Amino acid sequence: MPESDLSAKAHEGPVVSFEHVAKVYGGGEMAVRALDDVSFDIYEGEFVAIMGSSGSGKSTTMNILGCLDTPTHGRYLFKGVDVKTLTRDQRALLRRHYLGFVFQGFNLLSRTTALENLELPLIYRRISKSDRRDMAIEALHAVGLENREHHTAAELSGGQQQRVAIARAMVTNPSLLLADEPTGNLDTARSQEIMDLLAKLNTENGLTIVLVTHEEDMAAFAGRRLVFRDGNIVHESTSQAA
Amino acid sequence: MIGNILLLSMREIRRNVLRSILTTLGIVIGVAAVIVVVTLGAGTKAQVQTEISKLGSTMLTVFPGQRRMRGAAQAAPPFEIQDVSALRRETAMLSSVAPMSIQRQMVVYGNGNRRSQIVGTDREFVNVRNWDMEAGRLFSAAEEQTGKSVCIIGQTVKTELFKDEPYMGNVLRIGKASCEVIGLLEPKGQVMFSGDQDDVVVVPIKYFQRRIAGNTNIDQIYVAALDDSLVDAAQAEVEMIMRERRPSQPGAEDLFSVRGVQEMSNAFQSSTAVMTGFLSAIAAISLLVGGIGIMNIMLVSVTERTREIGIRMAIGAREKEVLLQFLVEAAMLAGFGGLVGIIIGLTGAMALAPLLNVPFIIQPDMMIMAFVFSALVGVVFGYMPARSAARLDPIDALRHE
């Protein structure tokens with residue numbers, strides 16, 4: 001499939017939408033219904049927090065949002081495209097061009113400098129060498145990591161590593177940034193900084209963000225919350241701040 | 001895309017320098033061994049060729065051959081001096097003909113003694129063998145006629161028995177006989193298939209027959225063609241004359257055989273071909289072991305880097321790109337091992353060549369082959385680990401600790 005086929009044809013409406021999505025793992029008596037019947041839309045520029053205890057279905061939702069997994073029933077539309085109809089490689093290309101990931105464990109390549117980590121998604125995007133460098137340095141500056149270009153992951157603190165990870169997720173200017181417990185491994189002060197950074201990227205750059213968390217404090221940064229329990233959305237609220 | 005994959009693979013190899021080096025060790029050793037053997041082999045071959053030309057490429061040797069008596073093979077009767085004269089008389093394409101009878105005998109001078117090759121022949125010997133005198137003179141016609149006790153010695157006999165003493169005019173004992181030294185041959189050196197050529201005492205054939213062998217036999221006849229291009233024609237002519245002189249039963253084999261130096265060289269070449277095949281098998285085994293080493297490390301690497309593969313997939317690497325990256329990594333490791341092996345092999349061959357007394361000859365085609373083959377080993381053995389990396393599920397890979 002040519003990559004251009006995925007380029008959004010001036011898509012109107014939500015960036016992503018879940019239409020009666022269900023996800024069942026296994027079969028027969030052993031079947032586990034991770035998601036029961038979930039529907040929601042996320043529009044451009046939103047900052048959404050997905051909350052819930054473990055086993056509530058928020059991770060499954062995250063995997064489906066990230067095109068790493070597909071629904072068993074229902075439809076998941078990414079910019080109007082039914083992701084289930086895409087092949088494994090097409091989903092990889094979709095991630096490459098429209099998605100950014102930030103994980104709890106930072107997930108930087110070890111023994112690799114911050115700059116090289118940032119270049120990775122750009123290399124897959126086949127950005128030329130000089131542009132790649134400029135974009136990577138710019139992104140590092142945007143997350144407040146000047147002069148850390150040539151430090152490897154091991155030489156950076158947890159907070160700094162998560163900043164590099166955020167820079168890596170946004171360096172390609174994605175349509176959607178998925179942050180899975182981004183502050184789970186950080187202390188309160190560092191968590192605050194990371195959340196401030198995400199909020200800033202949302203308000204100033206208009207970056208659409210979905211945040212998975214179980215902490216109220218972190219969810220407070222988001223404009224809208226979806227609370228999951230036993231595979232369903234049990235509560236939805238919009239904060240005044242957003 | 002391949003440029004980017006190369007870059008990613010390079011970074012990967014650089015991340016783990018020590019392990020990369022250890023991984024390639026098998027390939028390095030295999031390729032180095034091949035290069036050493038092939039380079040020295042080529043040197044040996046070249047040296048044999050020069051030695052053959054030293055022997056004289058126009059030279060032919062006539063042997064008595066065999067005959068069958070009631071099914072059993074028997075040596076045919078030896079030549080006689082008349083055969084030599086007949087060849088001299090009746091051929092047009094030979095420049096020289098010399099009888100040759102050879103025996104190993106104890107040679108004594110003063111307190112020294114050694115077993116040397118005693119050659120009974122005549123003046124033509126130096127022409128047939130293309131061998132000059134360093135000092136003294138050849139046998140005279142009269143000395144040959146009467147079988148006078150005179151001899152010409154080779155360099156080894158001179159240095160071993162006479163050391164610094166004057167040899168000319170002194171008397172050597174050969175077995176129970178004795179002879180006066182009248183000349184010294186030039187050094188000829190070692191030959192692969194007949195040992196030290198300078199360890200020789202040359203005496204008139206008649207003297208040899210009477211005093212050393214005790215018969216009138218001639219073991220072999222050496223002949224030399226007028227020119228390189230006439231060797232085959234000369235051989236045909238010699239065969240015709242000999243057939244007339246030594247008729248065999250109709251349909252039976254000839255009672256003689258004529259062999260050229262080229263045939264001896266062919267025999268040597270075919271023995272080196274066996275050797276080369278054997279060494280190639282060893283090389284193939286060492287490359288196989290090297291390849292398994294690479295596969296092993298790549299499998300470990302895929303397990304170790306599962307999370308990283310997950311990250312790459314989340315970022316948007318396609319199956320094909322993950323596969324290619326691991327394949328290229330394996331090929332680069334193996335190719336790099338091949339390069340290092342070539343360098344080590346060449347250095348080793350360069351050091352060993354003077355010790356083995358053979359010329360150092362670089363074989364560029366062999367080097368290219370070794371490099372390509374080792375990279376290929378990487379691809380073949382890297383495929384399985386690369387495929388298992390590419391088939392990983394990104395969710396599981398990201399969860400991997």
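Reader: Which residue stands opposite B:Gly136 in β9(B)?
Author: B:Gly183 stands opposite B:Gly136. This is a predicted model, in which local features need pLDDT of at least 70 and side-chain atom pairs count only at pLDDT 80 or more, while totals for chains, interfaces and linings use all residues. Residues are numbered from 1 along each chain as its sequence is written, and chains are lettered from A and ligands numbered from 1 in the order in which they are written.

Reader: In what sense do strand β6 and strand β9 of chain B pair, parallel or antiparallel?
Author: Antiparallel, over three bridges between β6 (residues 133-136) and β9 (residues 177-185) of chain B. Strands here are DSSP runs of E with at least two residues, helices are runs of H or I with at least four, and both are numbered from the N terminus. Two strands pair if DSSP finds at least two bridges between them.

Reader: And how many bridges join strand β7 of chain B to β9(B)?
Author: Four, and β7 (residues 150-153) runs parallel to β9(B). B:Cys151 has B:Val181 as its bridge partner there.

Reader: In what sense do β8 of chain B and β9(B) pair?
Author: β8 (residues 171-174) of chain B pairs with β9(B) in the antiparallel sense, over four bridges. B:Leu172 is opposite B:Cys179 in β9(B). The hairpin of β8(B) and β9(B) leaves two residues between the strands, and B:Gly175 takes a positive phi near 55 degrees.

Reader: Stepping back, how many helices and strands are there in chain B?
Author: Chain B has 13 helices and 14 strands. Of its 401 residues, 40% count as buried. Buried means that 20 or more other C-beta atoms lie within 10 Å of the residue's own; 12 or fewer is exposed, anything in between is partly exposed, and C-beta atoms are placed from the backbone.

Reader: What share of the contacts in chain B between residues at least 6 apart in sequence join residues at least 24 apart?
Author: 83% of them. A contact is a pair of residues whose C-beta atoms, placed from the backbone, lie within 7 Å.

Reader: Cores next. Which residues have the most contacts inside the largest nonpolar core?
Author: A:Leu211, B:Ile35 and B:Ala330, in a core of 122 residues. Helix α11 (residues 319-356) of chain B gives the largest share of this core, 14 residues. A nonpolar core is a set of buried Ala, Val, Leu, Ile, Met, Phe, Trp, Tyr and Cys residues joined through C-beta atoms within 7 Å.

Reader: What is B:Ala330 in contact with, leaving aside neighbours within four places in sequence?
Author: Its contacts are B:Ile294, B:Met298, B:Gly378, B:Val379, B:Phe381, B:Gly382 and B:Ala386. There is also a second, separate core of 50 residues, including B:Phe139, B:Val150, B:Cys151 and B:Val200.

Reader: Over to chain A. In what order do the six strands of the open sheet come?
Author: The order is β6-β7-β8-β3-β9-β10 (chain A), with mixed pairing. β6 (99-102) and β10 (232-238) of chain A are the edge strands, each pairing on one side only. From one strand to the next the twist averages 20 degrees; axes are lines fitted to C-alpha atoms, for helices over the stretch in contact, and angles run from 0 to 180 degrees between N-to-C directions.

Reader: Is β3 of chain A mostly covered or mostly open?
Author: Mostly covered: six of the six residues of β3 (residues 47-52) are buried. A:Phe47, A:Ala49 and A:Met51 lie on one side, and A:Val48, A:Ile50 and A:Gly52 on the other.

Reader: How many bridges join β3(A) to strand β8 of chain A?
Author: Four, with β8 (residues 209-212) running parallel to β3(A). A:Phe47 is bridged to A:Ile209 in β8(A). Another five bridges join β3(A) to β9 (residues 224-229) of chain A, also parallel, and A:Ala49 has A:Arg225 as its partner in β9(A).

Reader: Last topic, the contact between the chains. How many residues does it take from chain A and from chain B?
Author: 21 residues from chain A and 17 residues from chain B. On the side of chain A that touches chain B, α2(A) gives the most, with six residues. By class, that side of chain A has nine nonpolar, four polar and eight charged residues. Ala, Val, Leu, Ile, Met, Phe, Trp, Tyr, Cys and Pro count as nonpolar, Asp, Glu, Lys and Arg as charged, and the others, Gly among them, as polar.

Reader: Why does A:Asp134 count as exposed?
Author: Because A:Asp134 has 12 C-beta neighbours inside 10 Å. A:Asp134 is in helix α4 (residues 129-142) of chain A.

Methods
Two residues are in contact if their C-beta atoms, placed from the backbone, lie within 7 Å.
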